[in-house]
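My entries follow the model shown here.

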Amino acid sequence: MRLHPVAPMLVPRLAREDCKVGEYDIKKGTQVLVNTWTIQTDPSVWENPNEFNPDRFIGKNIDVKGQDFELLPFGSGRRMCPGYALGLKVIQSSLANLLHGFNWSLADEMKPEDLNMEETFGLSMPRKFPLITIVEPRLPFDLYNSI
Ligand code: HEM
């Protein structure tokens, strides 16, 4: 969510009145894009910004609910994602089921560090190169029939 946000520029905003953001004057009627991808990998905010290191959040109060502006995978304000609670639960339960039900390995003796994590442009931000994996069931077969 930090390194590969689903909507890296959020939904465009329109300034309803003249305002100032930091040192920038924004005229009424200007379309404003919030680049969360840049914010979430800003080296002045994040140590080793391009490193996937979930441990960095241990002991921190930082949340994804639109109040901590350095991490906005669901946006912020009145147009923030209304489905964020469902989204978080679906990701957690899907991932847990996939890990519980299958053994996963990379194809062609590839190592995790060889994975190319580049993204490409889209409505959301898809992978540039598809992830190719070998998937093997790890539970008794009759359990898969009952799903
Ligand atoms: C992990 C899953 C999801 C992510 C990362 C995500 C992310 C986002 C982001 C970044 C925005 C733009 C917010 C902004 O511009 O401030 C958005 C908007 C929106 N999302 Fe999600 N979303 C997710 C799941 C869902 C789900 C499950 C639903 C519905 C069931 C949903 C419905 C919407 C809607 C309707 C908007 C437009 C809100 C508006 O413009 O007022 N999203 N989402």
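Which strands each supply at least two residues of the lining of the second largest pocket? I found β1 (13-14) and β2 (19-21); strands are DSSP runs (E, at least two residues), helices are DSSP runs too (H or I, at least four), and both are numbered from the N terminus.

The model is predicted, so I noted that local features need pLDDT of at least 70, side-chain atom pairs count only at pLDDT 80 or more, and totals for chains, interfaces and linings use all residues. Residues are numbered from 1 along each chain as its sequence is written, and side-chain values use heavy atoms, without hydrogens and water.

Second largest pocket: I noted about 740 Å³ of space. Its lining has 19 residues, with R13, C19, V21, V32 and V34 nearest the centre. A pocket here is an open set of points on a 1 Å grid over the protein atoms alone, where a 1.4 Å probe fits, with protein on both sides within 12 Å along at least five of seven lines; lining residues have an atom within 4 Å of a point. The volume is the space filled by probe spheres set on the points, which are joined across faces, edges and corners.

Ligand: I counted 18 residues around the ligand, and R13 is among the closest; near means a heavy atom within 4 Å. A polar side-chain atom of R13 lies 2.6 Å from a ligand oxygen, a polar contact (N or O atoms within 3.5 Å). A polar backbone atom of V11 is 3.0 Å from an oxygen atom of the ligand. For S76, a polar backbone atom is 3.3 Å from a ligand oxygen.

Definitions and conventions
Polar contact = N/O pair within 3.5 Å; in protein donor to acceptor, adjacent residues only side chain to side chain.
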